[in-house]
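Hi there,

Here is the structure I promised to pass on. Please have it open beside you while you read the notes below.

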Amino acid sequence: MTEAKAPGHGPLTGVRVLELAGIGPGPFAAMLLADLGADVVRVDRPGGPGLGIDPSHDVTHRNKRSVIVDLKAPGGAARVLDLAERADILIEGYRPGVAERLGVGPEDCHARNPRLVYGRMTGWGQDGPLADRAGHDIAYIALTGTLGMIGDPDRPPAVPANLLGDYAGGSLYLVVGVLAALHHARATGTGQVVDAAIVDGTAHLSAMIHGMLAAGAWQDRRGANLLDGGCPYYGTYETADGLHMAVGALEPRFYAEFLRLLGLEDLASAHADVAQWPELRERVAERFRTRTREAWTAVFDGSDACVAPVLSLREAPHHPHLAARATFTDHGGTTQPAPAPRFSATPTAVRTGPARPGADTDDVARDWDVPRLLSPPVNPQRKASS
């Protein structure tokens, strides 16, 4: 049974987005646009993208609708171009040249819809020596220098899941790009191609660090700087029960509060004295190991010491602050992050669960006025034998 579609909500209500199925940063970018109220139609391929999880749990496809089109079959490209003609934004995450070979590249789409914003999501970008190479988040962030910043100095770099590359350097930059290009298209009547490469976005995220490096305020190695774990009052510490607390007591007054609650006021001068940092780290670590995470959370509760418990994914939704803000929501039996950011005049919501592949073909054909979606694909063998 197809889930009923709720009315649009959010500041992008009325914007039509066509998403060509992929995995990772493309679907997440389209989810963000859908969360903001856009009507996102995902073009799934027969058999799915091969992510390997039940589509009903893939929350990156919430607030969307799905149709199935085989782009390699006769008439497949024509169906996608019919949709592109009625879209404001298109998102694809193929390797360079693939969309063109399939007949749905920028030139084909702009011939039908000159106002279309054509968003391209890749790791390496549309050009450059590595443009045609396969890759994943970890390789992209490795080349930008950002992966090498993360982790202990005497261990290999720590892998930040795929949050830093795929989603921060990829999806979010694609969304910024297509919305900026949509503004331009509505002002001028002319669409354009947005080349969102994870290497570009991830490098851009490190702008402040590069400024600090040039100023001599950042060392080009792990665990030696204010914000990378090198500073003993900006990092994590193990508690008596094997869990952890996060400390970010950077400013002097927060540092003073931090020491007071730890009972280490004699280390006040270590804030600005790097020579004392090894002793500071050792004594802070020793103190944290004397109590459980729960006990230390109670000690720092209500203070400005900038200390918080390190929670797991399952614990986070139950934290009192996040629960009060409804930072997480339950929809269809799945706990998931609520849409962000928040808007005073055009609030957002999780309107529908993950789109089931092909479940919305009838609705999309009607709403987007694309009757060809409902016609059966051409069978070249049957046509040849008739």
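A word on the source before anything else. This is a predicted model, in which local features need pLDDT of at least 70 and side-chain atom pairs count only at pLDDT 80 or more, while totals for chains, interfaces and linings use all residues. Residues are numbered from 1 along each chain as its sequence is written, and side-chain values use heavy atoms, with hydrogens and water left out.

**The whole chain**

The protein chain has 14 helices and 11 strands; helices (H or I, at least four residues) and strands (E, at least two) are DSSP runs, numbered from the N terminus. Its C-alpha trace spans about 90 × 45 × 40 Å along the principal axes. Of the 386 residues, 42% are buried, where buried means under 20% relative accessible area, exposed over 50%, and partly exposed in between (1.4 Å probe, protein chains only). Among contacts with a separation of 6 or more, 67% are between residues 24 or more positions apart; a contact means heavy atoms within 4.5 Å.

**The cores**

In soluble globular proteins, nonpolar side chains tend to be buried together. A nonpolar core here is a set of buried Ala, Val, Leu, Ile, Met, Phe, Trp, Tyr and Cys residues joined through side-chain atoms within 4.5 Å. The largest one has 28 residues, and Val 17, Leu 33, Ile 89, Ile 91 and Val 117 have the most contacts inside it. Two or more of its residues come from each of helix 1 (25-35), strand 4 (89-92), strand 5 (117-122), helix 6 (163-188), strand 6 (192-197) and helix 7 (198-205). Helix 6 gives the largest share, six residues. Another core, of 26 residues, lies apart from this one and includes Val 67, Val 69, Cys 109 and Leu 373.

Setting aside neighbours within four places in sequence, Ile 89 touches Val 15, Arg 16, Val 17, Leu 18, Leu 116, Val 117, Val 178 and Leu 182.

**The helices**

Helix 1 is mostly covered, with 10 of its 11 residues buried; among them are Met 31, Leu 32, Leu 33 and Asp 35. Gly 37, which follows helix 1, has a positive phi near 110°.

How do helix 6 and helix 7 pack, and at what angle? Their angle is about 95°, with the axes 8 Å apart; axes are lines fitted to C-alpha atoms, for helices over the stretch in contact, and angles run from 0 to 180 degrees between N-to-C directions. That makes helix 6 roughly perpendicular to helix 7 (under 35 degrees counts as roughly parallel, over 145 as roughly antiparallel, 65 to 115 as roughly perpendicular and the rest as oblique). The contact includes Gly 165, Gly 169, Gly 170 and Tyr 173 of helix 6 and Ile 198, Gly 201 and Leu 205 of helix 7.

Helix 9 (residues 252-262) and helix 10 (residues 277-288) pack at about 50°, with axes 11 Å apart, which makes helix 9 oblique to helix 10. Tyr 255, Phe 258, Leu 259 and Leu 262 of helix 9 meet Leu 280, Val 284, Arg 287 and Phe 288 of helix 10.

Three strands form an open sheet in the order 7-8-9, with antiparallel pairing; two strands pair if DSSP finds at least two bridges between them. Strand 7 (234-238) and strand 9 (307-309) are the edges, each pairing on one side only. The twist averages 20° from one strand to the next. Strand 7 is joined to strand 8 (residues 244-248) by five bridges, and Glu 238 stands opposite His 244 in strand 8. Helix 11 (residues 293-300) lies across strand 8 and strand 9, at about 30° to strand 8.

**Backbone details**

Most residues other than glycine have a negative phi, and most peptide bonds are trans. The bond from Ala 340 to Pro 341 is cis, with omega near -5°, and Pro 341 is in the loop between strand 11 (334-337) and helix 13 (361-367). Ala 326 has a positive phi near 55° and is in the loop between helix 12 (320-325) and strand 10 (328-331). Asp 369 also has a positive phi, of about 55°, and is in the loop between helix 13 and helix 14 (380-385).

Best wishes
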